[in-house]
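Please read the following note alongside the sequence and the structure.

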Amino acid sequence: MDEGDKAAGPPAWLAAALEIEPFDVRPILADGEDPFSRLMDKVADIGDGGALVVDAPFNPTPLRRTLAKQGFSSYGRKLAAAHWRIYFHQDGGADWEQGAEVTVGLEGAASWREEDGLHIDVRKLAPPGPMVAILRLIEGLNPAETVVVHHERMPQFLIPELAERGWRIDRVVEEFANVQLWLEHG
Amino acid sequence: MFAGAFLTGAADRLLPPSVPYRFFVTALVLHAVAWGLLLVGADEVVGFQGGLGMVLAALHLVTLGVLAMTAIGAAFQLLPVATGRQLGPLWACRLTWWLLATGTAVLAYGMATATTAALHGGATLVVAGLMVALVLLAGTLAGVKTLPGVVRHAWVALGALVLLATLGLLLAVDFSTGWLPDHQAAAIAHAVLGGYGFMGNLALGFSYVLVPMFVLGGAVPDAVGKRTAALAALALVVGVVAILEGAGPVVALAGLVGLVAVAEHLRALAASIRSRMKKRLETFFRLLIPAWAVLPASLLAGIALALGAPSERLAPLWGLLLVFGWLLTFVTGILQRIMPFLASMHSGITGGKPALLSKLAAGWPLALHAALHGLALLALAVGILTDTVWPVRIGAACGLAGALALIAFAVELARRYRAHRQANPPL
């Protein structure tokens, strides 16, 4: 079953974008390269009303945020484990992630719910934005929740602050440009 | 995890605790020794205009032994974590400490006793240590694309360090050869490069990361950091050249540019602090806030000197404001926050239950240190302004007692950390 931004239903422009061949960044990331510049080359060729489809191993929130500033709305679907498909549409970017399950906090971090817990993506935020966004999220949570953080690096500075609030890093998975941390209370 | 994913090696970027803490412990010990020397040489403080003796030795124990020692230890640990780049081999970090610690002790002995061999040998060891640190830090900073404000201030600091070390060596040799055309101008330029250039820029740059992080406030905009770094660099270059050329009004102009940079810096930090998540400011702010107030005061005193104000009282007062009032107050404030912070970080990274910051830091030694440090500064200022030795003696005694309180804090921190590790062994 498709997951992702399903709560809001697909936007009207999605029908046209479905015809476009996806640009799969997963092999690029697997080779340890940053696909950002190649993505930007593709974006440069897209005019008003145009679209781009990207396959990624995670919900690429920083990219969605960056392209929203360049006028792209986006719609994401989780197709399988470690496989997200994001549709971008050049229309002014007014409705990026609006109406979807994704919430954007004060620091600009996106959070959404998946089966394994409440996810928060703090990549590309300026320090101490990631730390503040994570702490702000957990301070309002039920201690039984699991929080999954998507970070650019292992946030060592966060460890003392988590401990002060009774939270800890349960496990870590480090991938290129996506260090995932599972935070638990107790 | 998808195929081909690789570890980013983040754990490697956290140095073994013995590396940063050897710098911090040395800084705490030399801090006490510096105040002790000042107590012994109190009658030299009033009207001090430079020259070998106890005051110069105490001054260098503070600048090299406390300020540079703490800054380098903290930079070795914090910069790689903040920038995500490797620092360099551990042996080079340890070599930096050996050279800097030994060199500072030998140099201070040479200055206190006017022993030429110790003066030259100590200066050479210190410069060698600083250059190893410079290579390590420059290697980490090269290619960093994030944190532009921090990185640019750090580059200005490293540039100042090269000039500062060169002038320091020349000055050490000049005590026995007298070949420098104007020893005093070179000494003032050396002090400006050290106080505002190297340490000042490290303090400004690191504050952009540390202060918002400690208060959980908003990030300082990159544009502010870029602007303050550019202004600081401009003020430094113009100021140092003008000092060496004896152009007082130009030095004052450079001081004004420095004031603008400081105003911009403090405004940005104030905005971050106002936006903080933490309701109460932590206790180390009782040192940071006065330090921030003294920084512009030191620049104003320097500007007055550059414009020809009588130097008999103002010159030692400027030194007091710059080294003890601004930098030592700021650095001891940061030191008492990052020591337990790093201890907590290290306790959590090895898989054991992290030690709580609030449980690691003992409150009473810090309150005692802050009170005694404040009294020491006030008494020294009174002694300098009234040409009276006894307030200087009282001030140095208070400073020494405050330094011992800070050592007591560190000893208690180590005891609590060990107790936590025994109760919660690493997994």
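Predicted model: local features only at pLDDT ≥ 70, side-chain atom pairs only at ≥ 80, totals over all residues.

How are H6(B) and H7(B) oriented to each other, roughly parallel or roughly antiparallel?

1. In chain B, helix H6, which covers residues 148–177, and helix H7, which covers residues 183–215, have axes that come within 8 Å and cross at roughly 155 degrees. Because angles over 145 degrees count as roughly antiparallel, H6(B) and H7(B) are described as roughly antiparallel to each other.

2. The crossing in which H6(B) passes H7(B) is left-handed. Sorted by class, the residues in the contact of H6(B) with H7(B) are 21 nonpolar, nine polar and one charged.

3. For chain A, the domain assignment gives domain 1 as residues 3–90 and domain 2 as residues 103–185. Taken over C-alpha atoms, the centres of domain 1 of chain A and domain 2 of chain A are separated by 23 Å. To the contact, domain 1 of chain A gives eight residues and domain 2 of chain A gives nine residues.

4. On the side of domain 1 of chain A that touches domain 2 of chain A, the largest share is three residues, and these come from helix H4 (residues 61–69) of chain A. By class, that side of domain 1 of chain A holds three nonpolar, three polar and two charged residues.

5. Ala17(A) belongs to helix H1 of chain A, which spans residues 14–17. Ala17(A) counts as buried because 21 other C-beta atoms lie within 10 Å, where the cut-off for a buried residue is 20 or more. Leaving aside residues up to four places away in sequence, Ala17(A) touches Ala51(A), Val53(A), Tyr87(A) and His89(A). Between the C-alpha atoms of Ala17(A) and Trp167(A), which are 150 residues apart along the chain, the separation is 42 Å.

6. Ala252(B) is placed in helix H9 of chain B, residues 248–274. Is Ala252(B) buried or partly exposed? Ala252(B) counts as partly exposed, because 18 C-beta neighbours lie inside 10 Å. When residues up to four places away in sequence are not counted, Ala252(B) touches Ile303(B), Ala306(B) and Leu307(B). The C-alpha atoms of Ala252(B) and Val135(B) are separated by 33 Å, and the two residues are 117 residues apart along the chain.

How values were computed:
Residues numbered from 1 in each chain as written. Chains lettered and ligands numbered in written order. Axes fitted to C-alpha atoms, helices over the stretch in contact; angles between N-to-C directions. Helix = DSSP H or I, 4+ residues; strand = E, 2+ residues; numbered from the N terminus. Parallel < 35°, antiparallel > 145°, perpendicular 65-115°, else oblique. Left-handed = near helix turned anticlockwise from the far one by under 90°. Nonpolar A, V, L, I, M, F, W, Y, C, P; charged D, E, K, R; others polar. Domains from an automatic or database assignment. Contact = placed C-beta atoms within 7 Å. Buried ≥ 20, exposed ≤ 12 C-beta atoms within 10 Å, placed from the backbone.
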